[in-house]
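Thanks for coming. I will go through one structure today, starting with a strand pairing and ending with salt bridges.

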Amino acid sequence: MAMAAAPEHHQQPAGTPSSSSPRLRVHDTTLVAPSPSPPETSLPLTFFDIIWLNSPPVERLLFYRLAPDADVATTISNLKDSLRHAIHAFYPLAGRLRLTPGTSDRYELYYRPGDGVTFTVAECDDADIDSLAIDDPRDVAKIAKLVPSLPQGGGVFALQATLLSARRGLAIGVTVHHAACDGSSSTHFLHTWASAAACTGAEARPPPPPVIDRTLLADPRGMYDVFFHVAPSTDEMEFVKLSADQLFATFTLSKDDLLRIKDAVADEAARRGVAPPRCSSLVATFGFVWSCYERAKESSGSDDDEATITTMTHILFPVDHRSRMKPPLPEKYLGNCVGPAFGKAPKIELEAQGAGGLFSACAAVASGIDEAVRDIGTSRMDAWLDRIREAGSLLTVAGSPRFRVYELDFGFGRPAKVDIVSVARTGAVAVAESRSSAGGMEVGVSLKPAGMERFHKCFAEGIAWLQQRS
């Protein structure tokens, strides 16, 4: 599991032209160092971090529309200048991941003066903002090249600004190694950067700075060693090989849709004579999407097949535990502090249309959250990674509506669209707040054409059923 020593800072151009991907012209790749430069620092990985040591990076893509008279050169220059100041507060992200010298099993984020974040400026004439910033299915190949690769030698953070067709749009690609920080921390950085880019007056109020102190996270039970020895290997965590026809689409649940789901679950609980599960908007979203996902799968057997009837299906989603640690961690703690929540239900129940399938899915999700909260600080944490391996049929979730990604305004308006591109390789679904429906949710899904068609059909049928019963 040892990592190679870091070479000099260098990054290859972000992508090469192909028949199925945008033709990128890389104008510039620079190393943007924190200003002023912090001192040399070694930040040890915690037990929450080490889980992600061999995981694929998280790739997020933000699309913006530019005004017809936008000064593109000034826009790019401002992004780069503001990045210098924003990354100063988050300087460990400008460093690299390495094996701690003199050890064989301890890893750290190591920063030295002169380190920085790679910032690539590119242009793509055949990528149109109007065809990319949409919910309809798009070829993954058309958006995958708009996010940068991590630098070789242990780099954990990279950014790319790509001007789109006729310079009417801008795509900001963000790639981060999950061992460096979780989604809460990485989007905290993005909000800080956006604030620095958009606000130049003395009255500007940036987000509070991150808390960089790993001693705040105690490890009295030796969880680092437990997770280090059972963490998935690089082979186990490999990306899925993308097919040429892989698609990415976004599905929206409005506030009214979520209320209808909650009502349907409560009515089904009353019909069964049981207490209704705690059904928040997030639980309703996960339950509905999980149910659609299972129904959209190709049948693996007949309805009376005993193996099919007894098969269990699982959903895995992250839960932020900052407030639950003892003592609690600050809300802006920089690092990882998320644990897995497991929802489990019989596959045949989730495949059932109507209230029955929704109830089973939402009840399992709510139960998974309760269990995840109870697990913190107990020996049940030891089995987290073993449970993931044993789950078999598993739907995973990335992102959170709490990250407020549609509020990321760098001075040229809010995003027209935000995607977590890496779910195309991990098989997860991406969740964010809805940009078009206050109180609603967006769900990003990546499937091959036949699977996407089935999922779209199940999703539309589910929404129609909810509307008909209200």
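Ala 398 has Ala 430 as its bridge partner in strand β15. Bear in mind throughout that this is a predicted model. Strand β13, residues 394-398, pairs with β15 in the parallel sense, over 2 bridges.

On to the other partner of β15. Strand β16, residues 441-447, pairs with β15 in the antiparallel sense, over 4 bridges. Glu 433 is found there opposite Met 441 of β16. How many residues of β15 are buried? For residues 429-433, the count is 5 of 5.

Next, the helix pair. The axes of α7 and α11, the latter spanning residues 355-375, come within 9 Å and cross at roughly 95°. Angles of 65 to 115 degrees count as roughly perpendicular, so α7 is roughly perpendicular to α11. Sorted by class, the contact has 8 nonpolar, 2 polar and 2 charged residues.

Take Ala 355 in α11 as an example. Its relative accessible area is 16%, so Ala 355 counts as buried. Leaving out residues up to four places away in sequence, Ala 355 touches Ala 264, Glu 268 and Trp 465. Ala 355 and Ala 264 are 91 residues apart in sequence, with their C-alpha atoms 5.9 Å apart.

A second residue to look at is Trp 193, in helix α5, residues 183-198. Is Trp 193 buried or exposed? Trp 193 has 0% relative accessibility and is therefore counted as buried. Sequence neighbours up to four places away aside, the residues that Trp 193 touches include Leu 79, Leu 83, Phe 119, Ile 172 and Phe 410. The C-alpha atoms of Trp 193 and Asp 409 are separated by 9.4 Å, and these residues are 216 apart along the chain.

Last topic: salt bridges. The whole structure has 35 of them. In one, the side chains of Arg 167 and Glu 123 meet at 3.0 Å, N to O. Arg 167 is in the loop between β8 and β9 and Glu 123 is in strand β6, so the bridge ties together parts 44 residues apart in sequence. Arg 167 is partly exposed at 38%, whereas Glu 123 is buried at 7%.

Another salt bridge joins Arg 278 and Asp 370, with the closest N and O atoms 3.3 Å apart. Arg 278 is in the loop between α7 and α8 and Asp 370 is in α11, 92 residues apart. Both ends count as partly exposed: Arg 278 at 47% and Asp 370 at 33%.

Finally, Asp 375 and Arg 380 form a salt bridge at 2.8 Å between closest N and O atoms. Asp 375 is buried at 3%, while Arg 380 is partly exposed at 41%. As for networks, shared partners join Arg 25, Glu 123, Asp 125 and Arg 167 into one.

Methods. Residues numbered from 1 in each chain as written. Predicted model: local features only at pLDDT ≥ 70, side-chain atom pairs only at ≥ 80, totals over all residues. Heavy atoms only, no water. Buried < 20%, exposed > 50% of the residue type's maximum accessible area, 1.4 Å probe, protein only. Pairing = 2+ DSSP bridges. Axes fitted to C-alpha atoms, helices over the stretch in contact; angles between N-to-C directions. Parallel < 35°, antiparallel > 145°, perpendicular 65-115°, else oblique. Nonpolar A, V, L, I, M, F, W, Y, C, P; charged D, E, K, R; others polar. Contact = heavy atoms within 4.5 Å. Salt bridge = Lys/Arg side-chain N within 4 Å of Asp/Glu carboxyl O.
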